[in-house]
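Please examine the sequence and the structure shown here before reading on.

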Amino acid sequence: MTLLRDMRYPTPQELGLAARALADEHPGEARLRQAGTSRAGQPLWVLSVAATGGAPRGADRNVLVVAGAHANEPVGGATALSLARRVLDDPAPRAGCGWHFLLCADPDGADLHRTPHPYSLLDYHRNFFRPPGPEQPEWAPSLLPPDRLPPETLALMALIDELRPVLQVSLHATDLGGSWVQLTRDVPGLAEPFAKSAAELRIPVENGASDAAGWPSPGPGIFVIPQPGSEAAGAFHPEDTRLSTWYHAHRYAGTTAIVEVPMWASDLVDDPAPHPDPRGALRMLAERLTEDAALVASVRAGADVRPGPPPYQDPAAAPLLRAVDWTLALIPRIAAEWTAGTPTEATAAYIASIDAFGRRLSLRAAAMLLRVLRTQEHPAAPGLDRLVTGWCEDFAARFGARWVPVATQVEHQSRTVLAAYDRLVAAGRDERTG
């Protein structure tokens, strides 16, 4: 596929055109349809591949693959197209199973995050955008009442209700780090093919992911979201998680897998050695995060970009400023969590993951604010530009960042999705025959 050979990330518009071409190549087997409309009126495209011997809706079971849930994680669309072509070419995954690909869950956000082929972390952050939590399609139900859900969320939930997927896969990415998988239910046996793929492709496994601190882990890089009430559950606010679209598939006995892959890899997140002083390290990282956020907040406060009614005066700047303010408001709570009840034991990988997470929070807020100030030719822009540049360079140097080609990211995600489906089907077969 040319998009992969060119080593670039497709835009939502390119995804739609490529999916249309694929459906035209395979009439009767593949179908492209519109599942809804974004807030800005863009189509939400779903590419469906029929089960062997049946129509896409006539399968015994369905798999739903969701791409583009986070605007700043563009690899998912390329993976979805690659997977669609694979299942068209290989009858095995289609035996009694329809495959459905939501090509971009947030096309409006994806248009604001413009990085077809970033050459460095700085290049990636020059046009960075990640909407605030309530505007993210998967997370909105955990943060908003039902009558305020965005149309992208409603379309995704309706798709889950229609397909009742045995497996929902959400394709995500991290800017710098390693690969890991989060599961709403365990998928026995997934750890082995996941680790094999990562090793073959030279992608580190993030075995201490900060998103999954204390979660049950059946193998390196595989994490099962804890049940409510467990001690580990508090780290990730499971009462919110279970309201997300990840858990909507549980209404139909489905399982959701969230597959993360890095744009830039770092071996630091794959180090299982004990950290010599995790408490001291977390205190230091919390202090640095607080100080860095204060620098961004001071620029934000002094920039005289008025929020007042309506909330943001400049329509072009509004989504960026909402995201800046939401991120800055989130940081104090995160810093407090790092210093409250800090562990006496932790791996070097876990501390490295926390380090990376803290760096990217402040950096993202600064990068989005810089986009607004640069457009307005604000006098504070040059100083903030130097700050963003320095943070990007320090981030890359500290973690020994190495670029993971887009085709490699796609290959690892695709292998992991197919392995998750194979293991899930095998586990169900074992239960029926046991």
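Which residues touch the most other members of the largest nonpolar core?

## Basis of the report

This is a predicted model, in which local features need pLDDT of at least 70 and side-chain atom pairs count only at pLDDT 80 or more, while totals for chains, interfaces and linings use all residues. Residues are numbered from 1 along each chain as its sequence is written, and side-chain values use heavy atoms, with hydrogens and water left out.

## Nonpolar cores

The residues in question are Leu47, Trp99, Phe101 and Leu103, in a core of 107 residues. A nonpolar core is a set of buried Ala, Val, Leu, Ile, Met, Phe, Trp, Tyr and Cys residues joined through side-chain atoms within 4.5 Å; buried means under 20% relative accessible area, exposed over 50%, and partly exposed in between, with a 1.4 Å probe and protein chains only. Helix H12 (residues 348-375) supplies the largest share of this core, 15 residues. Helices (H or I, at least four residues) and strands (E, at least two) are DSSP runs numbered from the N terminus.

A second, separate core has twelve residues, including Val66, Leu102, Leu163 and Ala249.

Helix H7 covers residues 151-163. Among its buried residues are Glu152, Leu156 and Leu163. Arg164, which follows H7, has a positive phi, near 50°.

Glu152 forms a salt bridge with Arg39 (3.1 Å, N to O); the term denotes a side-chain nitrogen of Lys or Arg within 4 Å of a carboxyl oxygen of Asp or Glu. This pair links distant parts of the chain, since Arg39 lies in the loop between S1 and S2, 113 residues from Glu152. Glu152 is buried at 2% relative accessibility, whereas Arg39 is partly exposed at 41%.

Gln42 also lies in the loop between strand S1 (30-37) and strand S2 (43-49). Gln42 is buried, with a relative accessible area of 17%. Its side chain makes a polar contact (N or O atoms within 3.5 Å, one able to donate a hydrogen and the other to accept it; residues adjacent in sequence count only if both atoms are side-chain atoms) with the side chain of Asp108, at 3.1 Å.

## Further salt bridges

The structure holds 18 salt bridges. In one of them, Asp325 meets Arg300 (2.9 Å, N to O). Asp325 belongs to helix H11 (residues 318-339) and Arg300 to helix H10 (residues 278-302), so the pair ties together parts 25 residues apart in sequence.

Definitions and conventions: The expected span of a helix is 1.5 Å times one less than its number of residues.
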